[in-house]
Structure formats: structure tokens, C-alpha cells
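Take a walk through this fold, from the whole chain down to a single side chain. Keep the sequence alongside.

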Amino acid sequence: MKYLIAGLGNIGDEYANTRHNIGFTVIDALARLSGVSFQSGRYADVARMRMKSKSLVLIRPSTYMNLSGKAIRYWLETEKIPLENLLVVVDDIALPPGQLRLRMKGGPGGHNGLISIIETIETEEFARLRFGIGNDFAKGFQTEYVLGKWTKTEEEILVPKITEAVEMIKSFVIARPILNSPQ
């Protein structure tokens, strides 16, 4: 069984360690823990790993956030991964910093990366792990906030929450057959 785990973010040093790149940060943590590294691939940096009897394809789209759907569709099709085995890790300003929410489907919530994915694969029926980044910004300064660096206080919250997010990804993969089994 194969899974596509996509961490959303923007490529480039100017976006490193920003709130909007928490998807990259979580995927990087999973790859590090598993001893795998990313290689440049079409539309994304790609790492491959195994968990129990399952294959995971980890991607960090290189298409920038607003075109994430292009990378997701390409890797789903290329690897022949069913939509129910897709998990997208994304930042969320509607959640307090560090709050995690795993949903099996849902709307984009105004997130441009999710909008791109939904428009490109033409469905909202995929799992997403939302990682709260908070919304402590003045009206009209959302872009500056999400593209801003984490504060020291936020970083203290992040470390255990990144570990928790990695554990949630593992649970998604390992427990997936249970989620699909009849009751």
C-alpha cells in the first residue's frame, strides 16, 4: 500500500522557518526521523520511506504554495496513489499556534495551497493535517504574518507540536485500513 504525504510551503531561503512553511518543517522532521533525505524531482523534492508494510512518498512541492495542486496531481498519478491515501500538511491561521487538526476531507478554509489542490484534483475528499499558526496580525497584514518568521515564544511551542504532527502522520498511515474497514 502506498501513501503520498505532502508538506506545503514555499521554496527558497527567504521562506525558511516561516509560519507558511510549517508543512515543509513537519515533513522534514518525519524524513529525518526515518533516516531518509529529499532529492529533487518533478514539481517537488521527494523522499521515500517504509513504515511497517507501507510505502510513503514524501513531497515538498517546488511549485510554490499557490500551485501546490500541480505537484500533488503529478505525484498521485505517477505513483498511482489513491486519493484516500493522500495526506496534506498545511498551516492554518484559524487555529492557535501549535494546535493540530486532522480531517479526512473539507474545504480550503481560504488557504491558497488547498484551493490549488482542490481545483486541480477536482475534489475536497482528501485528508489534511492543519497546523495552527495563529492570527496575531493587524487587518491587512495577513501575508506579512504568514510569511514571517516564528517568534521565540512560538518556537518553544513548535518543537513538541512538530513531534506530535509526525506521530499523527504515522497514525494516519498505520491505522488507515482500520478507518476503511466495516464496523
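What follows goes from the overall chain to the sheet, then to its helices and one arginine.

This is a predicted model: local features need pLDDT of at least 70, side-chain atom pairs count only at pLDDT 80 or more, and totals for chains, interfaces and linings use all residues. Residues are numbered from 1 along each chain as its sequence is written, and side-chain values use heavy atoms, with hydrogens and water left out.

Start with the whole chain. The protein chain holds 5 helices and 7 strands. Helices (H or I, at least four residues) and strands (E, at least two) are DSSP runs, numbered from the N terminus. Their order from that end is β-α-β-β-β-α-β-β-α-β-α-α. The C-alpha trace spans about 45 × 35 × 30 Å along its principal axes. Of the 183 residues, 46% are buried. Buried means under 20% relative accessible area, with exposed over 50% and partly exposed in between (1.4 Å probe, protein chains only).

Now the sheet. Its 7 strands form an open sheet in the order β2-β3-β4-β1-β5-β7-β6, with mixed pairing. The edge strands, β2 (39-41) and β6 (100-103), each pair on one side only. Two strands pair if DSSP finds at least two bridges between them. From one strand to the next, the twist averages 25 degrees. β3 (residues 44-51) and β4 (residues 54-61) are antiparallel over 8 bridges. There, valine 46 stands opposite isoleucine 59 of β4.

Which sense of pairing, parallel or antiparallel, joins β5 to β7? These strands pair in the parallel sense, over 6 bridges. Leucine 87 stands opposite alanine 127 in β7. β1 and β5 are also parallel, over 4 bridges. Alanine 6 has valine 88 of β5 as its bridge partner.

β5 is largely enclosed by the rest of the structure, because 7 of its 7 residues are buried. In a regular strand the side chains alternate between the two faces of the sheet. In β5, Leu86, Val88, Val90 and Asp92 are buried on one side, and Leu87, Val89 and Asp91 on the other.

α1 (residues 22-34) touches β1 (2-7), β3, β4, β5 (86-92) and β7 (127-132), and its direction makes about 140 degrees with that of β4. Contact means heavy atoms within 4.5 Å. Axes are lines fitted to C-alpha atoms, for helices over the stretch in contact, and angles run from 0 to 180 degrees between N-to-C directions. α3 (residues 112-121) lies across β5 and β7, at about 150 degrees to β5. This helix is mostly covered, with 7 of its 10 residues buried. Its cover includes α2 (68-79), β5 and β7. After α3 comes glutamate 122, with a positive phi near 60 degrees.

Finish at arginine 130, in strand β7. Its relative accessibility is 10%, so arginine 130 counts as buried. Its side chain makes a polar contact of 3.0 Å with that of aspartate 92. A polar contact is a pair of N or O atoms within 3.5 Å; within protein, one must be able to donate a hydrogen and the other to accept it, and residues adjacent in sequence count only if both atoms are side-chain atoms. The backbone oxygen of glycine 107 also lies 3.0 Å from a polar atom of the arginine 130 side chain.
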